Amino acid sequence: MLRAFSTAATGMDAQQTMVDVIANNLANVNTNGYKRQQVNFQDLLYVKMRQASREISAGVTAPSGMEVGSGVQIASTNRAFTVGEFQRTGNELDMAIQGDGFFQVTQPNGELRYTRDGAIQKDADGLLVNAGGYQLDPAITIPEDALAVDIASDGTVSVETYTGTQVVGSIQLYRFSNPAGLTAEGGNLFRETEASGAAVAGTPGENGFGTILSQYLEKSNVQMVNELVNLITAQRAYEINSRAIRTGDNMLQQLNMLIR
Amino acid sequence: MTTPISQMATGLQALMNEYETVTHNLANSGTAGFKRRVNAFSAELERQQRLGEERSLLNGRIDAQGAIDFTQGVLTRTERPLDVALEGKGFIALDTPQGPLYTRNGALSINLLNQLVDSSGRLVSGQNGPIVIPNAVMESDIRIDADGTVRTEEMQMGRIRIVEFGDAVDELTPAGHGCFRAPEDLPPQEAADTRVRQGYKENSNVQMVHELTSLISLSRLYEANINVLRKNRENSATLLEVARTA
């Protein structure tokens with residue numbers, strides 16, 4: 001009896017986590033470069049009540065055993081690195097990656113982080129930085145006298161000045177063999193881990209890397225309708241699991257009332 | 001006296017077992033590749049009561065087996081390249097230190113040794129040993145064909161071993177964590193009619209309505225059984241009373 005209560009509780013717990021993940025996805029529906037998360041459930045171990053092929057009465061053997069399961073658990077949450085929708089911003093420093101790859105930024109302590117968010121700005125020294133103020137790596141400086149900046153699809157950054165056009169650097173992209181292994185750090189940043197493999201650098205448009213789409217931003221790949229449907233399913237499943245507990249409670253109560 | 005109390009208690013216990021099975025199914029309504037457990041006790045009980053064969057219940061001898069319902073779950077699109085769902089009766093074979101296991105949950109990923117593993121890190125069994133995804137191959141370039149071949153445009157990395165057990169599928173026992181174990185004398189066969197669908201997952205085949213109705217009917221049956229038990233006790237009390245006054 002108590003086993004069934006905890007079974008239903010694992011169900012409620014799992015659905016709760018599901019709602020947490022969906023809530024985070026929904027909250028990030030407008031976050032540039034956000035990649036939605038999904039939850040993987042798994043059934044828990046089984047308690048063997050009766051062995052299969054055991055004799056249940058003279059000459060009759062049970063064709064199958066009897067196992068009672070003990071509920072559900074979260075096996076993992078993984079991120080779907082599908083490409084989000086592109087939105088034109090007209091901002092000359094905005095970039096979206098059409099295809100595979102991440103931008104690399106350097107944190108003040110020298111550590112490297114990866115992002116799909118291409119909302120790039122200029123800092124006081126003309127260096128290109130991401131929305132969080134971290135330097136794009138390799139570093140690119142826009143000269144003070146630049147009139148306009150142009151970013152080509154292969155990542156070449158050129159500026160127009162009074163004296164003519166000059167190339168000031170090029171954007172590099174980075175890929176991971178297993179992006180699901182990246183650790184999300186908040187601030188739209190991912191950190192390389194042993195599971196993700198080492199970052200492989202490359203030029204946009206070559207060797208399977210995506211191309212740079214200038215003056216566009218990649219929106220979140222969260223699909224509102226899907227998330228809402230998942231939310232409803234999770235909420236109902238939660239409700240039904242709690243109902244299962246109430247039913248069990250009822251059964252126990254009746255049993256209790258027998259003894260008066 | 002009609003029925004010894006101890007035998008009625010067996011009926012109550014069986015309903016309790018069924019309740020546990022239903023709770024487990026409900027808890028796994030969102031588990032990919034989950035196959036619902038069937039405990040037909042209350043259904044059998046109701047059938048016998050309809051036919052007026054209640055005696056078998058009173059003997060506490062209805063035998064409900066904890067079978068597994070292997071019907072196909074609905075496939076939903078996830079777009080993740082390493083999510084695969086099976087269409088058909090097959091299973092994905094996994095290699096574990098405890099022997100082979102079989103699963104319908106195809107949320108795969110890549111481990112530190114670049115091998116293809118399931119969501120708990122167990123090796124996916126390939127036709128020629130573990131399937132290794134070279135470092136240079138990016139997740140989004142991986143294609144998984146309907147026959148389980150894992151490849152990119154240029155090269156082939158191996159083929160996921162998809163097996164089936166034909167009519168003997170009922171002999172599989174659940175091993176937990178989304179897996180089934182086959183008895184040793186049951187060798188798996190190559191699955192012929194199972195298609196692998198990349199970017200999909202198979203939903204749990206638990207149907208809420210179904211489980212909820214069995215929850216309701218078994219709690220009612222439980223209540224009815226308790227009432228019979230109570231009546232039984234009142235009757236014997238009356239009998240004692242009659243015997244005393246006589």
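Between domain 1 and domain 2 of chain B, the count is one salt bridge (a side-chain nitrogen of Lys or Arg within 4 Å of a carboxyl oxygen of Asp or Glu). Glu202(B) and Lys35(B) meet through their side chains in a salt bridge, at 2.6 Å from N to O. This is a predicted model, where local features need pLDDT of at least 70, side-chain atom pairs count only at pLDDT 80 or more, and totals for chains, interfaces and linings use all residues. Residues are numbered from 1 along each chain as its sequence is written, chains are lettered from A in the order in which they are written, and side-chain values use heavy atoms, leaving out hydrogens and water.

**Inside chain B**
- Domain 1 covers 4-70 + 205-245 and domain 2 covers 75-202, with bounds from an automatic or database domain assignment.
- Their contact (heavy atoms within 4.5 Å) takes six residues from domain 1 of chain B and ten from domain 2 of chain B.
- About 760 Å² is buried between these two domains, counted as the accessible area (1.4 Å probe) that two parts lose on being put together, summed over both.
- Ala32(B), Gly33(B) and Phe70(B) supply 60% of the area that domain 1 of chain B buries against domain 2 of chain B, more than any other three residues.

**Chain B meets chain A**
- Here 59 residues of chain B and 64 residues of chain A are in contact.
- The two chains bury about 5000 Å² between them, 55% of it on carbon and sulfur atoms.
- The rule finds three salt bridges across this interface.
- Glu20(B) forms a salt bridge with Arg3(A), their closest N and O atoms being 2.8 Å apart.
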